[in-house]
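Take a look at the model first, and then we'll go through the parts together.

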There are 2 protein chains.
Amino acid sequence: MAHKRAANSRSRPVGGETGEAGPGEKALDLSALTEITGYPLRRAQLAVFDDFNRRFASLGLSPAQYSALVAIGDNPGRKQSEIAGALGIQRPNFVAMMDELERRGLAERLRSDADRRSHALALTRSGSELVARARLVQDEQERAIAQLLGPEGRERLVALLRRLAKIE
Amino acid sequence: MAHKRAANSRSRPVGGETGEAGPGEKALDLSALTEITGYPLRRAQLAVFDDFNRRFASLGLSPAQYSALVAIGDNPGRKQSEIAGALGIQRPNFVAMMDELERRGLAERLRSDADRRSHALALTRSGSELVARARLVQDEQERAIAQLLGPEGRERLVALLRRLAKIE
DNA sequence: TATTGTTATACTCTATAACTATA
DNA sequence: TATAGTTATAGAGTATAACAATA
């Protein structure tokens, strides 16, 4: 006995091929999701981060670690809570991040004389060298994205995303 | 996804935390991050999902639940593993999702006679009604995004994200 | 043997309360 | 009292192995 529910007949454009349909399987209609912003935004973010993780596997850096090292390197002497806040990371969650970066000798917490409660963050020489190499790997990802979207497509995307995220 | 933003279910324009410190604090230089794709992509995704959670709090739907209900509604009778696969959700992780949707009377698992191993998924009447209302709420978010980016900006963004996610 | 749904599990990310030491 | 860093903890989200029922 077939179980045919009355198909949802909501008007939608044709050609909504989506989802990873296996071989021999008909693709599902996900057009109602792929046409809204949130769904492709999430899928694209996961795809870009997966690609990032593959590229950075040999450097042993996650996206969060890369962003922390770059933020510290470009803003040395800032308080731990300032770096965390700028990156949108809760202060408690940034503690383990700094523990790990410090354990690997990439960043350090310097006790401030002015305010002995706070930690001024900085990269070690080793950390600076790793970030320099990491930026080159990151440049490769940007070139790959520019190849996929076109250089102006990539720039337009970044500009639109910044507006949406209200950063910068 | 945790959304414990109690006592605040009013809808607001899309946008997240900027990472800028409080008054009297100099802004950090995050230009090396905001100019690459991955960082604003992640921040924008979080901002849009936060906005989604505020808008959908009264309907009690997370982004993942909304996408599952829409996928089932537009593809009734498909196997549980097909819906999960199309959404990029691991099959084991989709079990709890279906348990919850079934518990709330929004979707149901129908035993297939052709292959008694599989579950054919469908929305209940209640689920269809909720999805219909949810689509209207989602339309409001899209209008808010179109207001922020311009209608053609929003459409361009979605097209670029789909290319990047390699969906469709 | 292979597949579907499931259970169990582990690991990450995130959010909150509360502690300590300083201010 | 307030702030910076920390600890502890709880909740999602996600990934993998393995099992029972079925093909």
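## How helix packing is described

Before getting to the helices, a word on the terms: each axis is a line fitted to C-alpha atoms, for helices over the stretch in contact, and angles run from 0 to 180 degrees between N-to-C directions. Two packed helices are described by the angle between their axes and the distance between the axes. Keep in mind that what you're looking at is a predicted model.

## A crossing pair in chain B

Let's start with α3(B) and helix α5 (residues 91–103) of chain B, which pack at an angle of about 80° with their axes 11 Å apart. Angles of 65 to 115 degrees count as roughly perpendicular, so α3(B) is roughly perpendicular to α5(B).

Who does the touching? On the α3(B) side you'll find A64(B), Q65(B), A68(B), L69(B) and I72(B), while α5(B) brings F94(B), M97(B), M98(B), E100(B) and L101(B). Sorted by class, this contact has eight nonpolar residues, one polar and one charged.

## The pair in chain A

Over in chain A, helix α3 (residues 63–74) meets helix α5 (residues 91–103) at an angle of about 80°, and their axes are 11 Å apart. These two, α3(A) and α5(A), are therefore roughly perpendicular to each other.

The α3(A) residues here are A64(A), Q65(A), A68(A), L69(A) and I72(A), and they meet F94(A), M97(A), M98(A), E100(A) and L101(A) in α5(A). That contact splits into eight nonpolar residues, one polar and one charged.

## Where the chains meet

Now for the interface. Chain B puts 76 residues into the contact and chain A puts in 68. The area buried between the two chains is about 6600 Å², with carbon and sulfur atoms giving 63% of it. L28(B), T37(B) and L164(B) supply 9% of what chain B buries against chain A, more than any other three residues.

What about salt bridges between chain B and chain A? The count is zero. Polar contacts are another story: 19 residue pairs make them across this interface.

## Two spots worth a look

Over all chains, the count comes to 16 salt bridges. One of them joins D74(A) and R135(A), whose closest N and O atoms are 3.0 Å apart. This pair links distant parts of the chain: D74(A) is in helix α3 and R135(A) in helix α6 (residues 125–149), 61 residues apart.

Next, find F49(A) in helix α2 (residues 38–56) of chain A. Leaving out residues up to four places away in sequence, F49(A) touches P63(A), G38(B) and R42(B). Between F49(A) and P63(A) there are 7.1 Å from C-alpha to C-alpha, and the two are 14 residues apart in sequence.

How values were computed. Residues are numbered from 1 along each chain as its sequence is written. Chains are lettered from A and ligands numbered from 1 in the order in which they are written. This is a predicted model: local features need pLDDT of at least 70, side-chain atom pairs count only at pLDDT 80 or more; totals for chains, interfaces and linings use all residues. Side-chain values use heavy atoms; hydrogens and water are left out. Contact means heavy atoms within 4.5 Å. Buried area is the accessible area (1.4 Å probe) that two parts lose on being put together, summed over both. A salt bridge is a side-chain nitrogen of Lys or Arg within 4 Å of a carboxyl oxygen of Asp or Glu. A polar contact is a pair of N or O atoms within 3.5 Å; within protein, one must be able to donate a hydrogen and the other to accept it, and residues adjacent in sequence count only if both atoms are side-chain atoms. Helices (H or I, at least four residues) and strands (E, at least two) are DSSP runs, numbered from the N terminus. Angles under 35 degrees count as roughly parallel, over 145 as roughly antiparallel, 65 to 115 as roughly perpendicular and the rest as oblique. Ala, Val, Leu, Ile, Met, Phe, Trp, Tyr, Cys and Pro count as nonpolar, Asp, Glu, Lys and Arg as charged, and the others, Gly among them, as polar.
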